[in-house]
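User: Hi! I have just opened this model and would like to learn how to read it. Could you walk me through a few features?

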Amino acid sequence: MARIHDHSTGYRILRLYSDFCTYMAYGRTEIVGKENIPQNSAVIFAPNHCNTLMDAMVVLRARRDATVFGCRADLFKNPIANKVLRYLKILPMPRVRDGIREVMGNLKTNEEVVDSITDNVPFCAFPEGTHRPKHSLLPVRKGIVRIAKTAIDKTSQPIYIVPVGLEYGDYYRFQSTSLVNYGEPIDVTDFFRKHEGLNDVEIYREITSVLSDSMSKLITYIPDDEDYEAKWPLIKAIVAPLRGTPKARLEKNRAAASKVEEIWQNETLREVLREKSLEFEKERKACGISTHSFGFRKPVLRFFFKTLLLLGLLPFEVVFAVIGSPMLLLSTILVSKIKDKAFSNSVRYISYLALLLPLQILWVSLGFAAFHLSWIWVLIGFLSLVVAFPFVFRYKEGIRVWISDIKLMSNKKLRRSFDEIRDAVR
């Protein structure tokens, strides 16, 4: 009987296609810390969960080799969905709210996970249990440690949990940036050995605490408290303008977050900044002004060159909007129907993934058979389909920020508020 982590040529081909689509979904991508992944070892990846499906896709793309994933068990109730998900190397992960019967059924999943990681095919689980688009962490659940403990009981090789930090330039916008940041591995086998005096529940608590702390050091981390909404605008004010590689942005964000936490120790300054920050953010959103418009020393000159660039690219935008119209239409319809807007990027990605190859096949067929085009025009059309969808969103974002720049240049009050906040935190 085939095991979920066994090599599959069909899966490998799908991987190449999905990895390419994931790469095209972001304007800039970066992978950091791959040297921290133990080689030829039993590894469990533990990323933060802040961007729905895209979290799994960027983790999958970060390594060429196969990775087995866990996801919510209710998706497997449909027999067809169950077969498809398992073919994609995804296992059901029952939660307590799914019922005790489902949780008891998790024993089979644990066996498959152990079988996978002991064959040196990593397993990836999101230890927070659910997604949330925030620069913070939900409590890390014990399920990932239980899986590791099951593996320890069944094999003599060491079991590692590798914390992973996922950082995005924007959770909701297609063609933003993504960063996969691997942290130092936690040797769970050694941890249990060194804490033999504790019972399993206490050890689980210790490991989840260590894991949560490790994950928080790999992302822009803001404590999940009542002041989160006030702290994030202050961090953005310190690091503005928002530019640089994903890794450079993360480093700036983390330094700014540490500074904000220091400021928060001063009760008087904290109260003043909390009020100013919330008021500024409320007005910024009401005016429809992007955070990408702030912090530039020569905004007028920047606006001039951006205008020239957008005008120069306008013909391409029109052409690519027509070429990519099936994907754009599908994604627009689907995004309008979803309730949780955190899934917006995932829906756009799925639209691109689902239609790109069929449209290319259709174009090649029509180009040669119906239109009798030369191979060069067929090739141009084939490649244009690849870049059309991402280009339209990138251009759309450029227009959005361009309009935002105009609004900010005419809003003296908001500029003054930003300068006051920036002076206070710097």
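Analyst: Happy to! Let's begin with R205, which is partly exposed because its relative accessible area is 45%. Buried means under 20% relative accessible area, exposed over 50%, and partly exposed in between (1.4 Å probe, protein chains only). Before going on, note that this is a predicted model, where local features need pLDDT of at least 70 and side-chain atom pairs count only at pLDDT 80 or more, while totals for chains, interfaces and linings use all residues. Residues are numbered from 1 along each chain as its sequence is written, and side-chain values use heavy atoms, leaving out hydrogens and water.

User: Where is R205 found?

Analyst: R205 is found in helix 8 (residues 200-216). Helices (H or I, at least four residues) and strands (E, at least two) are DSSP runs, numbered from the N terminus. From C-alpha to C-alpha, R205 and S116 are 25 Å apart in space, and 89 residues separate them in sequence.

User: Is helix 2 mostly covered or mostly exposed?

Analyst: Helix 2 (residues 52-61) is mostly covered, with eight of its ten residues buried. Among them are M54, M57 and L60.

User: Which other residue forms a salt bridge with R3?

Analyst: D119 does, with the closest N and O atoms 2.9 Å apart. D119 lies in the loop between helix 5 and strand 5 (123-124), and R3 in the segment before helix 1, so the pair ties together parts 116 residues apart in sequence.

User: Which residues make the nonpolar surface patch?

Analyst: F368, W375, I376, W377, L379, I380 and L383 make this patch of about 740 Å². Helix 15 (residues 375-409) gives the most to the patch, with six residues. W377, in helix 15, is exposed because its relative accessible area is 53%. Patch members have over 30% relative accessible area and no salt bridge; like charges are joined within 9 Å, and nonpolar side chains (Val, Leu, Ile, Met, Phe, Trp, Tyr) within 5 Å. Accessible areas come from the Shrake-Rupley method with a 1.4 Å probe, and for residues, only the protein chains shown count as cover.

Terms used:
A salt bridge is a side-chain nitrogen of Lys or Arg within 4 Å of a carboxyl oxygen of Asp or Glu.
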